[in-house]
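Okay, thanks for coming, everyone. I'd like to walk you through one model today, so let me put it up on the screen.

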Amino acid sequence: MGSRPTITDVARAAGVSAATVSKAVNGRYGVAPDTVERVLQVVAELGYESSLVASSMRSRRTGVIGVLVADFEPFSAEIMKGVGRALRDTHYDLLAYSGSRQQNGEGWERRSLSRLSGTLIDGVIMVTPTVVGASAEVPIVAVDPHTGRADLPTVESDSFAGAREATRYLLELGHRRIGFIAGRPDLRSSILRDAGYRRALSDAGVAYDPSLVRVGMYQPDVVREQARGLLGQDRPPTAVFAANDLSALGLIDVAAGMGLRIPDDLSVIGFDDIPDATQGPVSLTTVRQPMQGLGATAAGMLVALMNGDTLDATHVGLATRLVVRGTTAPPPR
């Protein structure tokens, strides 16, 4: 593979100076239209790309939007798909960045922002940030922040309504011993899913039973351990609502290992509707939150902020919807 083309290579091939190439590539005045066309043709032929850092030092603009995530997992991947879709017809490129590898809990956003803002990105979307008071040299929009609404513009799904609808559906099927695999207790959306589960039980006159609740932390190993304890008790639940799809799928694997049939012996509902929800032997009943919609909405808000526009709303909530598939049925007789 040859070396990366330089601005000098472009200038030589186009028969102009490096300064003219810079003006043509960056859309500055002082270059004849036919010269611009010739330079851009050479740029395309050689595959030349100017340095983002060098460009930002000159113009303070890079044409790049950053998406900061704690880790690359199904939820954040779907968010990024939505961001990419929203940016398709703009001049912005997308940079995905994970700040989790060298962090111990809260604060990864600050380190990531300090590395990227002002030099590599013009704006940033933070996915499930632990800190929503983080400041930067660029506009910020937060998706599903740990602490909920804050000074930053935010986008989130209606976790409370989604959890209540899921639990209500199990109640309507006739279940009364309904388990819950909770998520992270420090994440606002997890707290709201717990609250929605409890509200549906209360509305139906079913007493909340703490023995039917386990905290899975959204961690596969923890979920499996908690699922074994939940399903192995003397009076196990006939149905379980899990705070996300990965927890639901982990629980189903544990149930199968214990000889339970889904949904004949145990009904299961998840939350998210990730692609894996339909990949197993039985497709998962789940609460669909518009993950790509969250990303697209956040991107639209961010572009508006970068353009100097005023947002119609700084805190946007998107509706969820129950998707009934093959993992739910009336309780066994």
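Let's start with a pair: α2 and α3 pack at an angle of about 90°, and their axes are 9 Å apart. That makes α2 roughly perpendicular to α3, a label that covers 65 to 115 degrees, with under 35 being roughly parallel, over 145 roughly antiparallel and the rest oblique. For the record, the axes are lines fitted to C-alpha atoms, for helices over the stretch in contact, and the angles run from 0 to 180 degrees between N-to-C directions.

So who does the touching? On the α2 side the contact is made by T20, V21, A24 and V25, and on the α3 side by T35, V36, V39, L40 and V43. By class, that contact has seven nonpolar residues, two polar and no charged ones. Here Ala, Val, Leu, Ile, Met, Phe, Trp, Tyr, Cys and Pro count as nonpolar, Asp, Glu, Lys and Arg as charged, and the others, Gly among them, as polar. Contact means heavy atoms within 4.5 Å.

Before I go on, a bit of housekeeping. This is a predicted model, where local features need pLDDT of at least 70 and side-chain atom pairs count only at pLDDT 80 or more, while totals for chains, interfaces and linings use all residues. Residues are numbered from 1 along each chain as its sequence is written, and side-chain values use heavy atoms, with hydrogens and water left out.

**The whole chain**

Stepping back, the secondary structure comes to 11 helices and 12 strands. Those are DSSP runs numbered from the N terminus, helices being H or I with at least four residues and strands being E with at least two. Of the 333 residues in the chain, 48% count as buried. Buried is under 20% relative accessible area, exposed is over 50%, and partly exposed is in between, using a 1.4 Å probe and protein chains only. Among contacts with a separation of 6 or more, 68% come from residues 24 or more positions apart.

α3 covers residues 33–46, so 14 residues, and reaches 20 Å from its first C-alpha to its last, close to the 20 Å expected. That expected span is 1.5 Å times one less than the number of residues. Which residues of α3 are buried? They are T35, V39, V42 and V43. Looking down the axis of α3, the buried ones fall within an arc of 105°, so they line one face of the helix. The arc, by the way, is that of the directions from the helix axis to the C-beta atoms. On the other side of α3 you'll find P33, D34, E37, A44 and E45, and these are exposed. The cover over the buried residues of α3 includes α1 (7–14) and α2 (18–25).

In α2, the buried residues are V21, S22 and A24. Down the axis of α2 they fall within an arc of 165°, so they line one face too.

**Over to α8**

Now α8, residues 188–203. Its 16 residues should span 22 Å, and its end C-alpha atoms are 22 Å apart, which agrees. Buried here are S189, S190, R193, D194, G196, Y197, A200 and L201. Those fall within an arc of 155° seen down the axis of α8, so again they line one face of the helix. Turned away from that side are S202 and D203, both exposed. What do the buried residues of α8 pack against? The partners are α7, β6, β7 (213–215), β8 (239–242) and β9 (267–272). G205 follows α8, and its phi is positive, near 75°.

**R176**

R176 sits in the loop between α7 (159–172) and β6 (178–182). R176 is partly exposed, at 47% relative accessible area. Leaving out residues up to four places away in sequence, R176 touches L171 and V206. R176 and A239 are 63 residues apart in sequence, but 8.3 Å apart C-alpha to C-alpha.

Most residues other than glycine have a negative phi, and most peptide bonds are trans. Now some exceptions.

- T128, in the loop between β3 (123–127) and β4 (140–143), has a positive phi of about 45° and is buried at 17%.
- D144, in the loop between β4 and β5 (154–157), has a positive phi of about 50° and is buried at 9%.
- The peptide bond from I262 to P263 is cis, with omega near 5°, and P263 lies in the loop between α10 (245–257) and β9.
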